[in-house]
Structure formats: C-alpha cells, structure tokens
Amino acid sequence: MAAMLAIINEGDEVIIFEPFYESYGPDSAVSGAIPQFVPLNDDFSINEEALVSAFNKKTRALIINTPSNPCGKVFTKDELKLIADLCAEHDVIAVSDEIYEYIVFDDRKHISIASFDEMRDRTITLSGFSKTFSVTGWRIGFAIAEKTLSSAIRKAHDFLTVGAPTPLQRACLAGLSFPDSYYKEIAGMYEKRRNFLYNTLTNAGFRCHMPQGAYYILVDMPEGTGMDDMAFARYLIDKVGVAAVPGSSFYHSEPGKHKLRFTFSKKDETLQEAARRLEKWDK
Ligand SMILES: Cc1ncc(COP(=O)(O)O)c(C=O)c1O
C-alpha cells in the first residue's frame, strides 16, 4: 500500500497479472490507480501479446509476485527479462512482491527483477518475514528501492502505520542470522507437503497445477458440480470438513469461478486428516 501510494497519481494505470494476490486490486483502488489485469496462460506462462498490449502512456507500474500466491508460479529469467524490457521501454516501475522468495521447489532459483541492470532503479522490491519464519500475523515486511522512491514510500508508510511494533522487529532480526541450512530446510519441508497435498487433491478428482513455489495449490473444480466456487467452497466445508478459498478471490474474470485454492502451510497431521476426509467424500 505504501509503495503504491508513493508512486501513483490518480488515473495512472497499473498492470496486474491474473491470478493475483487479492490485495493488489484494493491497493490500486485506494491509491487511485486503474488496474489493467493481464491473464496468464493456462499453464501460468506469460501471454506476451496480452502483456505488450497492456502497456500504454498511462501505465505507471506493474505488480509482479514471484513465487506467486495463489498459483505457485516462479517467473523465469526470460519472462523477467521480457517484463524488464517493457518496463524500461515505457518508463514503468515494477513493484515486485517476493515474500515467498525462499519457498521454491525442484531446484528452481528465485530471481529478483531488480537484479537486471535496467530495473535496478525502477523496482520496488517487497518482502517480509511472515512466510520465511512462519510468523504470519506479525505483519513485518520491508521495501528495497532507489533513494527517491524509498523516501516517498517511507513518508506514505509513516502515515499508514507509523511503524511496525519494535519487539517484533527485534525478533525478526534474530531470524536474519539463521544459517543457510535453515532456508534449505524450509523449502524441503514445504516441498514434501506440496507433494502430499498434490497427490491428495489429484486423487480426490481435482485438476491441480503443480506449484513451483509458495505454499498453495490452485485447482480446477471437478466438472458438473452445478455450483460456483463460493457455493462449492461452502459445500466442502459443510460436507467434507475441508476448507479452501474460492478462486474468484484471485481473478477479475470468469475462470476464477471454477477454481479453488488450497494451502499446504499446515502441520503434517492436519494434511493427513484432510486426506482422510477427502478419501471418504461421497461425491
Ligand atoms: C503475495 C503476498 N504478499 C504479501 C502478503 C502479506 O504478508 P504479511 O502481511 O504476512 O506480511 C501475503 C500474505 O498472504 C502474500 O501472499
């Protein structure tokens, strides 16, 4: 929110890939920006034509989230280069939300778009502690940006929250001295849980997209339920005892109505219990 308030003037356009983390729409609305949603392809690769045509002279910023909530996409170097070239050509700032940066699977590498020379001074890199150190709810995050941008962000932030609670900031500092092995361990732990939940959901009849990072699985609802995503999510809670987030939280367009997002950021016992309940589910 602070990043958006720092860079947006009323009526500026902001490019947002779809599916998106649900705060980006409201962040755009509050800062006065007009969101331009660019749907990713079915396999969550970039639709180059759609992306190119979203840029125009009103475009001020592009929001990128890698690894992505909700689809687990990790943008490749080539994709980031495409975005970087377009941002440089159109003088656009990238707001890069990298809060799942350490949760990547199958030996993939997380790449920050700010690491491209042309993006160094036109990227606001955002991250936080909640995912890496399993402290969701503490709401401690940070922004890294060029001096002028950083100064504007800090002014907006001062009037939004004044500051994050000091004791929590100190506790997060302790996390920063964890050894490299810690980061390997969390990625390994989530990779096992991803595999378990992927198999569970596939066996239960959902078409799953294998996440490359983060800790969610976005699935297609089974055909012929006669329900939209909201009704089906309620049905799963009431009849099966398993909760998922309706897909329309992450889509501006129709496909969201046929999707659900599950998370594997849960204890092994919880995931096993979910598997038992889904197995017993009388479809
Ligand atoms: C993509 C993304 N960005 C930012 C956040 C915010 O994280 P927090 O408020 O825990 O710092 C979340 C939390 O779900 C997220 O998924």
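This is a predicted model: local features need pLDDT of at least 70, side-chain atom pairs count only at pLDDT 80 or more; totals for chains, interfaces and linings use all residues.
In strand E10, Arg261 is the bridge partner of Val245. Strand E9 and strand E10, the latter covering residues 259-263, are joined by 2 bridges and run antiparallel. Helix H8, formed by residues 229-240, packs on the sheet and touches both E9 and E10. The direction of H8 makes about 40 degrees with that of E10.

The sheet as a whole is open and has 4 strands, in the order E7-E8-E10-E9, with antiparallel pairing. Strand E7 (207-208) and strand E9 (245-246) each have a single partner strand, so one side of each is left without a neighbour in the sheet.

## Two domains

The protein chain is divided into two parts: domain 1 spans 2-175, and domain 2 spans 182-280. Taken over C-alpha atoms, the centres of domain 1 and domain 2 are separated by 25 Å. The domains also touch: 28 residues of domain 1 are in contact with 23 residues of domain 2.

## The six-stranded sheet

A further open sheet is formed by 6 strands in the order E2-E1-E3-E4-E5-E6, and its pairing is mixed. Its edge strands are E2 (34-39) and E6, each of which pairs on one side only. On average, neighbouring strands of this sheet are turned by 20 degrees against each other, with direction ignored.

Within this sheet, E3 and E4 run parallel and are joined by 5 bridges. Ile63 stands opposite Val95 in E4. Helix H2 packs on the sheet, where it touches strand E1 (13-18) as well as E2, E3 and E4. The direction of H2 makes about 170 degrees with that of E1.

## The largest pocket

The largest pocket has a volume of about 1400 Å³. Its lining comprises 43 residues, of which Ser127, Arg139, Ile140, Gly141 and Phe142 lie nearest its centre. By class, this lining has 24 nonpolar, 13 polar and 6 charged residues.

Which elements each supply at least two residues of the lining of the largest pocket? Four are helices: H1 (2-7), H2 (24-31), H5 (147-160) and H6 (166-176). The others are strands, namely E3 (59-65), E4 (93-97), E5 (123-128) and E6 (141-144). Helix H5 gives the most to this lining, with 6 residues.

## The cavity

The model also has 1 cavity of 30 Å³ or more. The volume of the largest cavity is about 100 Å³. Phe17, Pro19, Phe20, Asn65 and Ser68 lie nearest its centre, out of 14 residues that line it.

Strands E1 and E3 are the elements that give two or more residues to the lining of the largest cavity. The largest share, 3 residues, comes from E3. Which classes of residue make up this lining? It divides into 11 nonpolar and 3 polar residues, with no charged ones.

Notes. Residues are numbered from 1 along each chain as its sequence is written. Side-chain values use heavy atoms; hydrogens and water are left out. On a 1 Å grid over the protein atoms alone, a cavity is a set of points where a 1.4 Å probe fits but cannot get out, and a pocket is an open set with protein on both sides within 12 Å along at least five of seven lines; lining residues have an atom within 4 Å of a point. Grid points are joined across faces, edges and corners, and a volume is the space filled by probe spheres set on the points. Ala, Val, Leu, Ile, Met, Phe, Trp, Tyr, Cys and Pro count as nonpolar, Asp, Glu, Lys and Arg as charged, and the others, Gly among them, as polar. Two strands pair if DSSP finds at least two bridges between them. Contact means heavy atoms within 4.5 Å. Axes are lines fitted to C-alpha atoms, for helices over the stretch in contact, and angles run from 0 to 180 degrees between N-to-C directions. Domain bounds come from an automatic or database domain assignment.
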